[in-house]
Structure formats: structure tokens, C-alpha cells
Amino acid sequence: MRMYDIILKKRNGQELRDDEINFFINGYTENTIPDYQAAALAMAIYFNGMTDKETATLTNAMAFSGNTLDLSVFGNLSADKHSTGGVGDKTSLIVAPILASLGCKVAKMSGRGLGHTGGTVDKLDAIPGYRVNLKPDEFIDQVKQIGISIIGQSGNMTPADKKLYALRDVTATVESIPLITSSIMSKKIAAGSKNIILDVKVGSGAFMKTLEDATTLAEKMVEIGKRCNRNIAALLTDMNTPLGYNIGNLLEVKEAVYVLKGENISDLREVCTALASNLLSLSLNLDIKEAEERVNDAIDTGLAYKKMEEWILAQGGDFSAIESDDEYYKSNKYELIAQKSGYISNMNAQDIGTISVILGAGRAKKEDLIDYKAGIVINKKTNDFVKEGDLLCTFYTMNKSAVKEASKRYINAIEFSDSISEEKSLIYKVIR
């Protein structure tokens, strides 16, 4: 078999056989197929697409190109969640303890943030003492004991995806639905969970800007998950406005605690309830209404909050540091005051996420250091009425010189109107 023939076949719009796809992934992982041939095939896929069968084969080949996690010890109770990335998206910190408190086994590997979107591991790193790197046996034992552990991606998992993604990033082939689908789903399959919920963000702060593109991606991922024998569903959720009020690593952990304590942060609770309910429904084979009742009870009774505390402590974290404010939040605080009155009609979530990076809460490059306490607390959101002199938001940063630019950018990121805008749904659709 020759790589040349595989490239030619896909260039001509033909369907690749399973053995041809496996030949490519095995050879590329083992460095017997050069980057230039892999790039040529990626471009051919970009222009000619792949069938669902091809995409499923590619996903499986990448998933098993390295180490995989065996969660069979948990039967059908293992549960995982993936978000395509957003601003203020701390949903994993809320959904995971809810599910664990209701009997699911959440053995989750998460990534770090890059650019305007945050990463779950960075948020957990903000908790003093929290261990994001556990040995495999420690990881599994903790899930056995308390039902939950979240760690960083480790080991030689999906090496083919790592290589192919880096190549796509520099060859203008990132925006290919089959390649995006196989990249995301290969990591989920390798991570081993039987039940998966996908949170596909849509809007200005998301990778998928339109509902049409997000729907296509979600449908493909759900189809591939089913072909790989997973119970899977996808929610398409709004990311035109930051989710919740806190942006920044420790600030987002704090807000997750607020929600689990029952504080009414309506948009964040609504999205988390929907994600948790759908994943609980898949895991325990429940009617969605019953699942939603159980999820709300877990929050309202404090059951999920107790599970979060148990989880953080079990992984070495100082839970008291989450619930208290130290001197940082007093001495590195900068308030942004409104210079005009009106209703906020629009917030550019991507721009606001970028502002948090400028303040030190994220990375522009992988090697950048993070200020885990930096970030933004929003006081006024879309459709809120603002009077001149009201507090729009508060910046937290040790980089005082960044405040002027952050203030200017924030003002440019919000739009005002004389009237309330039409209310947008937070959850556009559910695909199961």
C-alpha cells in the first residue's frame, strides 16, 4: 500500500477503505509517513470531505494510536463532558460533582486554555494544593471511592491527533468538519467513558460562529460517538455573552461554588442543569424530566456542593482558599464605570475573553505564565439597564499597565440601545 495512492484517491473524491485510513494513521504516528504527505491528505479531506464511515474509522484509528483509559470497572456509569470552548465556561466544575453525587463515575481528563477560551485544568491549578497530575491507579481509585476525579491530559494518549492537529494548524486545514470531529471524538473515545455529553458553543465567543455550522459539527460528533458504541448527546448553547459573571481561573472556581451553594446565577445554572440532566439521563437510562428533578435536588439540598468539597480535598486542594478572598482581591482591583446610560444590547464574548488574557488570566502562547487570580467580574450583562456612573465590571490584575487597554477594549466590546433586545435562548437545541 502506498500513501501516494491514498492521497490520489481522496483528491479524486473517493471513499477510503478502513485499511487505507489505518495505514495512514499508523504510518504517520510512527514517522514513516512524512508531514508533506499527511498535509496533502488533510487538504484533500478539507475539500472533498469524508463519509460518516470514514470519519468513524479515522476517529477510532486516532483514539487507539496510543494509550487508552479502561473504565470498564465502572460498567455503564462512567460519564464525561466536553465543551468546544467559551468565555466564563466553568460548567465542568459544576456538572461533574452533580453527576458524582447522583451515582455516576466521572473520570475526566481535561485540557488547558489557549487564546480567549479558558481550560478546566488551569482553573483547577488555581486551587492551592490541587493535584492535576495523578498516577493512573490513583486516578481510578479516587473515582472508585468518591465518584469523581479531574486531571490533566497525560501519557501517550492520541499521539496521532496531536501530530495531525499541529499540522492542520499550519496548513489552513483546521476548519474541516470530519477532521474537527475525529480530533475531538478520538480524545473522548481514548478517555474511556461510556456516556458523553458535548457542549457545542455557538456565537461570538465560540469556535463555531453560526448555528448551522455548530449543528453540522454536533450531528457528526453524535453520529461518530454512536458508531463507536457510546451513549452520547450534544447541546448547542449560546456563547454570544460570557457565561455567568466571573472570567478568570480562581474567579470561575469561586462562581462554580456559588452555583452549587444555590446562588441564583440564572444563565450558568440553566446551562449546567441541561448538561447534567442529559448526561444523567444517558448514564442511568432515565427520562429527561426525572433526570432534571434529580439534578436540581442535588443542587438545592447541597448534595452536589458537598461532593465538590470532597473531590477537591481528596485531590489535595485547599477548599477554604476558594471560599475566602485574600489581599490580592483588595489591592489589585480596578473598577470600570459606565460613561453613558442605556440597555446593553450586545457583548462580544471573544473580545471580553481576550481582555482577560491581557489582564493575565490566560495564554496568548502555550509557554505564557498565568496569573491564576486575575480576571473580570461582570456587573452588567446583555439586556441590563445601565445608568451613567454605574459599575460595568471590575478587573483584577497585578499588571496595572494593562488596565488602560483592558478598559478601552471592554467599552468597545459592548453595545448600548434605548430598548431591551429580543431575548435569545441559551440552549438552541439538543441532539441525541
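The following legends describe several close-up views of one predicted model.

Residues are numbered from 1 along each chain as its sequence is written, and side-chain values use heavy atoms, with hydrogens and water left out. Because the model is predicted, local features need pLDDT of at least 70 and side-chain atom pairs count only at pLDDT 80 or more, while totals for chains, interfaces and linings use all residues.

**View 1. A negative surface patch that includes E293.**
The residues D287, E292, E293 and D297 together form a negative surface patch. Patches are made of residues with over 30% relative accessible area and no salt bridge, with like charges joined within 9 Å and nonpolar side chains (Val, Leu, Ile, Met, Phe, Trp, Tyr) within 5 Å. Asp and Glu count as negative and Lys and Arg as positive, whereas His and the chain ends are not counted, and the place of a charge is taken as NZ of Lys, CZ of Arg, CG of Asp or CD of Glu. E293 is exposed, with 53% relative accessible area, where exposed means over 50%, buried under 20% and partly exposed in between (1.4 Å probe, protein chains only). The accessible areas come from the Shrake-Rupley method with a 1.4 Å probe, and for residues only the protein chains shown count as cover.

In the whole structure, a search finds 25 salt bridges, each being a side-chain nitrogen of Lys or Arg within 4 Å of a carboxyl oxygen of Asp or Glu. E290 and R294 form one of these, with their closest N and O atoms 2.7 Å apart. The two residues are 4 residues apart in helix α13, and are therefore separated by about one helical turn. E290 is partly exposed at 33% relative accessibility, and R294 is also partly exposed, with a relative accessible area of 33%.

What is the N to O distance in the salt bridge where the side chains of K201 and D199 meet? For this pair the distance is 2.8 Å, and both K201 and D199 are buried. Between E335 and K333 there is another salt bridge, in which the closest N and O atoms are 4.0 Å apart, and K333 is partly exposed, with a relative accessible area of 40%.

How many disulfides does a search of the whole structure find? The search finds 0 disulfides, a disulfide being a pair of cysteine sulfur atoms within 2.5 Å. For C272, the closest cysteine sulfur belongs to C104 and is 15 Å away, so the two are too far apart for a bond. C272 is buried, at 1% relative accessibility, and C393 is likewise buried, at 0% relative accessibility.

**View 2. Two loop residues with positive phi.**
Most residues other than glycine have a negative phi. In N31, however, phi is near 65 degrees, a positive value in a residue other than glycine. N31 lies in the loop between α2 (18-29) and α3 (35-48), and is exposed, with a relative accessible area of 59%. T158 also has a positive phi, near 45 degrees, and is found in the loop between β3 (148-152) and α8 (159-169). Is T158 buried or exposed? T158 is buried, with a relative accessible area of 3%.

A100 belongs to helix α5 (residues 91-101) and is buried, at 9% relative accessibility; its C-alpha atom is 15 Å from that of T301, a residue 201 residues apart from A100 along the chain. S149 has its place in strand β3 and is buried, with a relative accessible area of 0%. Between the C-alpha atoms of S149 and C228, which are 79 residues apart along the chain, the separation is 24 Å. S331 lies in helix α16 (residues 328-331) and counts as partly exposed at 44% relative accessibility, while the C-alpha atoms of S331 and G360, 29 residues apart along the chain, are separated by 16 Å.
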